[in-house]
Amino acid sequence: MRRFLLLFALMCIGMANAQTAYTYVLQNGAALTVLGTAAFDVTSNPEITFVDGKAVMKIGTNTVAELPMAQGGELVVDFTTPSGEVNKVSKPVSDAGYATFYSPFQLQVPASGAVEVYAPTYDSENHVLKCNDGTKVNGEILPAGTGLLLKNAGSVDFAISAAAATAGQGDLSGSALTIPKSSVAVESGNAIYTLGHAKDDNTKFGFFKYSGTNLNAGVAYLIAPSASSAKEDAVMLSFGDDPSAIESIATTTMNVDGKFIENGRVVIMKAGHKFNVNGQEVK
C-alpha cells in the first residue's frame with residue numbers, strides 16, 4: 001500500500017478573517033477533475049482526522065470530505081483560487097438511462113430535473129437494489145461517500161455543500177480514486193457488482209458481478225452475496241416498493257433463495273405451479 005499524502009497550503013495558522021478553502025483530489029499527482037473542486041468559506045483551519053483508513057475533513061461539526069489513505073491519493077486543501085469551476089460537479093447520464101456516482105465530498109442534489117437520483121438499499125431476500133420514494137434523494141444534502149444511482153438520460157449538476165446532511169446513506173459503496181478490484185474488502189461469499197446491461201439484451205439493466213481489474217474513480221458499486229446459481233450473476237433494479245414491480249431486470253431467469261426471477265417478475269414455485277409474491281398463480 002502506497003503512503004497516503006495529505007497536502008496543505010495553509011497560509012495562516014490561525015485565520016482571523018474568513019477565507020475560502022479550496023479542496024480537491026489528486027491521484028499520483030494528477031487532478032481527478034471528474035470529482036470537482038470544493039470551495040468552503042472558513043474562519044479557521046479545516047480539521048483533518050484519520051478514521052478507518054480515510055482522511056476525514058470537517059468544517060465545524062460537519063464532515064465535508066473523506067478520502068482513502070492509499071493508492072496515491074492526495075486530499076489537497078489550498079487557499080489559492082484554482083482554475084476552472086468550483087462547487088459544482090456535473091454527472092452526465094447517457095441515453096441508456098442509468099449511471100452511478102460516488103463523491104468524496106458532501107453533495108447537494110438538485111430538487112428537480114429530468115434525472116432521478118437514488119441512494120438505493122439492497123433487498124437481500126429478493127436480490128434486488130431498491131430505488132423508491134424512500135431512497136430518492138433529489139433536493140437532499142448527502143453525506144460524503146454516498147453511492148448514488150442515477151436514472152433517466154440527461155445531466156445532474158451537484159453542488160458541493162458544507163451544510164448539515166439531510167439524507168442518510170444507502171447500500172452502494174464506491175471509491176473516489178481509481179483502485180484495483182483486489183483492494184476492495186469483501187467477505188467470503190460476497191462479490192462486487194457494477195452497473196451494466198444483460199449480455200443478451202442491452203435494454204435490460206442491473207448490477208452485474210464485476211470481472212474487471214480496476215474500479216474507476218467516482219463509480220459506485222454494490223457488495224452483495226454472489227448468486228452462484230444465476231444464469232447471469234446479477235442484481236435487479238426495482239423502482240417500486242413491491243418486489244414484483246420490477247422495471248429493469250438483468251437476466252431472463254434467475255434462481256435466488258428458492259425464488260425465480262422470470263421475465264421481470266419474482267416467481268415462487270409450489271407443487272409444480274408458479275405464483276407471484278402476492279400468492280397469485282402465474283400462467
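Visitor: What makes 48% of the 283 residues of the protein chain count as buried?

Guide: In this predicted model, 48% of the 283 residues fall in that class, because buried means under 20% relative accessible area.

Visitor: How many helices and strands does the protein chain have?

Guide: The chain contains zero helices and 28 strands. Among its contacts between residues at least 6 apart in sequence, 70% join residues at least 24 apart.

Visitor: Why are Met57, Val117, Leu150 and Phe158 called members of a nonpolar core?

Guide: Such a core is a set of buried residues of types that include Met, Val, Leu and Phe, joined through side-chain atoms within 4.5 Å. Met57, Val117, Leu150 and Phe158 belong to the largest core, of 44 residues, and touch the most other members. A second, separate core has 18 residues, including Tyr102, Cys131, Tyr193 and Leu222.

Visitor: What makes Lys54 and Pro68 lining residues of the largest pocket?

Guide: A lining residue has an atom within 4 Å of a pocket point. The largest pocket has 21 lining residues, and Lys54, Pro68, Gly174, Ser183 and Tyr221 lie nearest its centre. Strand 7 (62-68), strand 18 (173-175) and strand 23 (219-225) each give two or more residues to this lining. The pocket has a volume of about 510 Å³.

Visitor: How does the lining of the second largest pocket divide into nonpolar, polar and charged residues?

Guide: That lining comprises seven nonpolar, six polar and two charged residues. Gly36 is one of the residues nearest the centre of this pocket, and Gly counts as polar. Strand 9 gives the most to the lining, with three residues.

Methods. Residues numbered from 1 in each chain as written. Predicted model: local features only at pLDDT ≥ 70, side-chain atom pairs only at ≥ 80, totals over all residues. Heavy atoms only, no water. Helix = DSSP H or I, 4+ residues; strand = E, 2+ residues; numbered from the N terminus. Buried < 20%, exposed > 50% of the residue type's maximum accessible area, 1.4 Å probe, protein only. Contact = heavy atoms within 4.5 Å. 1 Å grid on protein atoms, 1.4 Å probe; cavity = no way out; pocket = protein on both sides within 12 Å on 5 of 7 lines; lining within 4 Å. Points joined across faces, edges and corners; volume = space filled by probe spheres on them.
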